[in-house]
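Good morning, everyone, and thank you for making time for this.

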Amino acid sequence: MGLRMSFLMFLSLVSFAPLCFSQRGSNGNLYPQFYDHSCPKAQEIVKSVVKNAVAKETRMAASLLRLHFHDCFVKGCDASLLLDNSGNIVSEKQSNPNKNSVRGFEVIDAIKTALEKECPNTVSCSDILAIAARDSTVLAGGPNWEVPLGRRDAMDASISGSNNNIPAQTNTFQTILTKFKLQKLNIVDMVTLSGSHTIGNARCISFRQRLYNQSGNGQPDTSLEQSYAAQLRTRCPRSGGDQNLFPLDLVSPTKFDNSYFKNILASKVLLSSDQILLTKNEDSMDLVKKYAGNNELFFDQFAKSIIKMGNVAPLTGSKGEVRKNCRRINN
Ligand code: HEM
Ligand SMILES: *[C@@H]1O[C@H](CO)[C@@H](O)[C@H](O)[C@H]1NC(C)=O
């Protein structure tokens, strides 16, 4: 090996050393330029497939954003959510928060197929989820951000993690906050990221209890505006219609904006977990009010919080693998 070569290697060792050590920090060592040389068109390809999918069905933006969340809260952002049943793997798709609810897997498949064609074995499924979440947010009119990249894909799934770590809409404020803190996310992240409910739908079964018998006394939730509740009851009866869909943001159901926070102030949100951001904690109440009055503040913090969520326990370096098919581990 020539002297010049070894000097260059020495230099690159020195310059990568800080990156290696920063892996101990909360950022992992993800960075936006990760595919700049190995797959320069990666982000462009993801964007174009997402764009087509959202043009076909507006709701897909919401569904893709949610996939990133349900991935990151279970053993980190490692695409464990995307694995189907096979061998030892019990798919997270069957968990309580996911079954009959999470969607968009065909779009992720289409992105992966396009990327494997362009640069085989290079772009991880977990990074696809992170980029698709950003593109979906932008397409819906929300904030833009640079997505840190370099995640690798898990070789197993955790259905118990999926059941236990992903907050449920019936959880108390404290339980939901605890579940965010388990991911090293704080109350600001919790309120801000809940703002994702400015787009997308919920099923009748996810909020029926609030319409008829919230606390076991046969009465609707008192923190749900009465005429709105009456309107919801027409398509969400006491029994039946479990899968009927309702917009999470009744004012601008497909636009990513701060109207979700205004709706909370008006007691016109579907989920108990949305309304309690106003009623159970002062810090969170302050934030709801601030975001309701200042869209830019919401957007700026949303970008920060979702990058933070995307940095939860990524597999990097030689950990995990880059799956060829997001639904199964490589042979
Ligand atoms: C704070 C705790 C949270 C709870 C309890 C919660 C719960 C839920 C529930 C129950 C639904 C409706 C599911 C259905 O009826 O099928 C839903 C939908 C959704 N959630 Fe959350 N969520 C939370 C936080 C988040 C976060 C952090 C994000 C994104 C970063 C997010 C993004 C979404 C989106 C976009 C939808 C609509 C999906 C679609 O239309 O396909 N949620 N959530
Ligand atoms: C409301 O729920 C409680 C406890 O789950 C139950 O005992 C009661 O019968 C329910 N009331 C109605 C009117 O459904």
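This is a predicted model: local features need pLDDT of at least 70, side-chain atom pairs count only at pLDDT 80 or more; totals for chains, interfaces and linings use all residues.

Let me begin at helix α14, whose buried residues are F298, F299, Q301, F302, S305, I306, K308, M309 and G310. By buried I mean that 20 or more other C-beta atoms, placed from the backbone, lie within 10 Å of the residue's own, while exposed means 12 or fewer and partly exposed means in between.

Residues are numbered from 1 along each chain as its sequence is written, and chains are lettered from A and ligands numbered from 1 in the order in which they are written.

Back to α14, which covers residues 295-310, has 16 residues and reaches 22 Å from its first C-alpha to its last, close to the 22 Å expected at 1.5 Å a residue; that expected span is 1.5 Å times one less than the number of residues. What covers its buried residues? The cover includes α3, α5 (125-139), α8, α11 (259-265) and α13 (282-293). An α-helix has 3.6 residues a turn, so residues three or four places apart point the same way. The C-alpha atom of K304 is separated by 24 Å from that of L265, with the two residues 39 apart along the chain.

Now to the overall layout. The chain is divided into domain 1 (29-166) and domain 2 (173-309), with bounds that come from an automatic or database domain assignment. Their centres, taken over C-alpha atoms, are separated by 24 Å. The contact between them takes 20 residues from domain 1 and 18 residues from domain 2, where two residues are in contact if their C-beta atoms, placed from the backbone, lie within 7 Å. On the side of domain 1 that touches domain 2, α3 and α5 each supply at least two residues, and the largest share, seven residues, comes from α3. That side divides into eleven nonpolar, seven polar and two charged residues; here Ala, Val, Leu, Ile, Met, Phe, Trp, Tyr, Cys and Pro count as nonpolar, Asp, Glu, Lys and Arg as charged, and the others, Gly among them, as polar.

Which domains give residues to the shell around ligand 1? Domain 1 and domain 2 each give at least three. In total 26 residues surround the ligand, the closest being S63, S101, S196, G200 and S206, and a residue counts as near if its C-beta atom, placed from the backbone, lies within 6 Å of the molecule. At least two residues of the shell come from each of α3 (60-72), α8 (187-194) and β1 (201-203), and α3 gives the largest share, five residues. By type, the shell holds twelve nonpolar, ten polar and four charged residues.

The largest nonpolar core has 78 residues, of which V50, A61, L64, I108, I128, L129 and A132 touch the most other members. Such a core is a set of buried Ala, Val, Leu, Ile, Met, Phe, Trp, Tyr and Cys residues joined through C-beta atoms within 7 Å. Both domain 1 and domain 2 give residues to this core, so it lies between them.

Take I128 from that list: leaving aside its neighbours within four places in sequence, I128 is in contact with V46, I108, I111, K112 and V123. V123 itself sits in the loop between α4 (105-118) and α5, and V123 counts as buried because 29 other C-beta atoms lie within 10 Å. The C-alpha atoms of V123 and R323 are separated by 8.3 Å, although these residues are 200 apart along the chain.

Finally, please look at the loop between α3 and α4, where we find K75 and A79. Phi of K75 is near 55°, a positive value in a residue other than glycine, and A79, also not a glycine, has a positive phi of about 60°. Is K75 buried or exposed? K75 counts as buried, because it has 20 C-beta neighbours inside 10 Å, and A79 counts as buried with 29.

Conventions. Helices (H or I, at least four residues) and strands (E, at least two) are DSSP runs, numbered from the N terminus.
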